[in-house]
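Hello,

Please find the structure below. My notes on what was found in it follow directly after.

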Amino acid sequence: MHIPDGYLSPQTYIPLFGVFVTVTAVAIKKVKKEVSARNIPYLGMAAAFAFIVMMFNLPIPGGTTGHAVGSAVISIIFGPWAAMLAVSVALIIQAFIFGDGGITAIGANCFNMAVFMPFTAYYIFRLICRNTKRISKVSFAAFISGYISLVMAAILTAVEFGIQPLIASAPDGKALYCPYNLSIAVPAMAIEHIFLFGIVEGIITAIVVNFFLKTEPTLIYAFRNSDKNE
Amino acid sequence: MNKLQKKILVILLLLCLITPVGILLPAFFNAGDAWGEWSAQTVKELVGYVPKGLAKYSDLWKAPIPDYNVKKTDRSIIHKSGYYIVSGILGATITYVVMLLISKLIVRHGE
């Protein structure tokens, strides 16, 4: 899901970069209000966790590889705004130091995995969980939240790939950037995430949320926030 | 740093040590690049040509440690696994420190 340089046209990556910068500005304000100083080490660990999780490439036998992102669980435990910043830091370091994801695509990659995904995950979790802290319900909500948010982020990425032939083609009809259109990109990326990577994201989300529910439930943002709203 | 935070750091370090799973499993199951993350050369093999924009941008940035692999010419899977662990620890540490610094700049209450 790390879009490399050269796959997106400037008409795509520049607006997405703009959206990313705008959301970052809002996230900084929100995190300033929401996060207390004693929880700062957790945010560093969350960012490192996302970095490490994305190194676990999983194979579709004989085909492509992919991985979980970790955005869903970070969002549930530390809130979508903190998750936005943490996962963005991981993605930007992956791009600059390890060439994983393009420099021009930083806005797009951060938008997909650090903005769209954690917010989707957070609202799905809240929608299913409501105010229950029953372990079976919480685990189920965490799994579904990780699963659906990764699948949807993958489809969003595929749409960005797939619209390239529509946006920019050479006079001879050849693509200038990603050569595959929507009808190829969307099914390809949706299927692999529906059948493998999404399930892994769901399992990771459920395991880590369970871990925090048992060891430090007061830390979990999704619950703290729901208590406040009652 | 409290007990839980120390425990999480240990778990993260252990995860770093098993990251080679992320290159060994794909090698074992004969799985290649992620969808849409092919090199210009691979795209040529797939569609018969290299799109002009892709050719122009694909080498825009020379990452110091491309693909989490310190030494590209070294094809031994054992060495690659070692480089992968080093990259994991290095990358995770940099990410941790950068996020810590950013958070410290942003968050000033609750000391």
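**Helix H5 of chain A**

The model is predicted: local features need pLDDT of at least 70, side-chain atom pairs count only at pLDDT 80 or more, and totals for chains, interfaces and linings use all residues. Residues are numbered from 1 along each chain as its sequence is written, while chains are lettered from A and ligands numbered from 1 in the order in which they are written.

Helices (H or I, at least four residues) and strands (E, at least two) are DSSP runs, numbered from the N terminus. Helix H5 of chain A covers residues 106-129. Its 24 residues should span 34 Å at 1.5 Å a residue, and the end C-alpha atoms are 33 Å apart, which agrees; the expected span is 1.5 Å times one less than the number of residues. H5(A) has a kink of about 30 degrees at A:Met117, shortly before the proline A:Pro118 (the bend is the angle between axes fitted to the seven residues ending at a residue and the seven starting there). H5(A) is largely enclosed by the rest of the structure, because 19 of its 24 residues are buried (20 or more other C-beta atoms within 10 Å of the residue's own, with C-beta atoms placed from the backbone).

**Chain B**

Chain B has 5 helices and 0 strands. Its C-alpha trace spans about 60 × 35 × 20 Å along the principal axes. The radius of gyration of chain B is 19 Å, whereas a compact globule of 111 residues would have one near 13 Å (taken over C-alpha atoms; the globule rule is 2.2 Å times the number of residues to the power 0.38). Of the 111 residues of chain B, 28% count as buried.

**Where the chains meet**

Chain A brings 62 residues to the contact and chain B brings 59 (two residues are in contact if their C-beta atoms, placed from the backbone, lie within 7 Å). On the side of chain A that touches chain B, H2(A) gives the most, with 11 residues. That side divides into 42 nonpolar, 14 polar and 6 charged residues (Ala, Val, Leu, Ile, Met, Phe, Trp, Tyr, Cys and Pro count as nonpolar, Asp, Glu, Lys and Arg as charged, and the others, Gly among them, as polar).

**The core**

The largest nonpolar core has 109 residues (buried Ala, Val, Leu, Ile, Met, Phe, Trp, Tyr and Cys joined through C-beta atoms within 7 Å). A:Ala47, A:Ala50 and A:Ala86 have the most contacts inside this core. Leaving aside neighbours within four places in sequence, the contacts of A:Ala86 include A:Ala47, A:Ala50 and B:Met99.

Regards

How values were computed
Buried ≥ 20, exposed ≤ 12 C-beta atoms within 10 Å, placed from the backbone.
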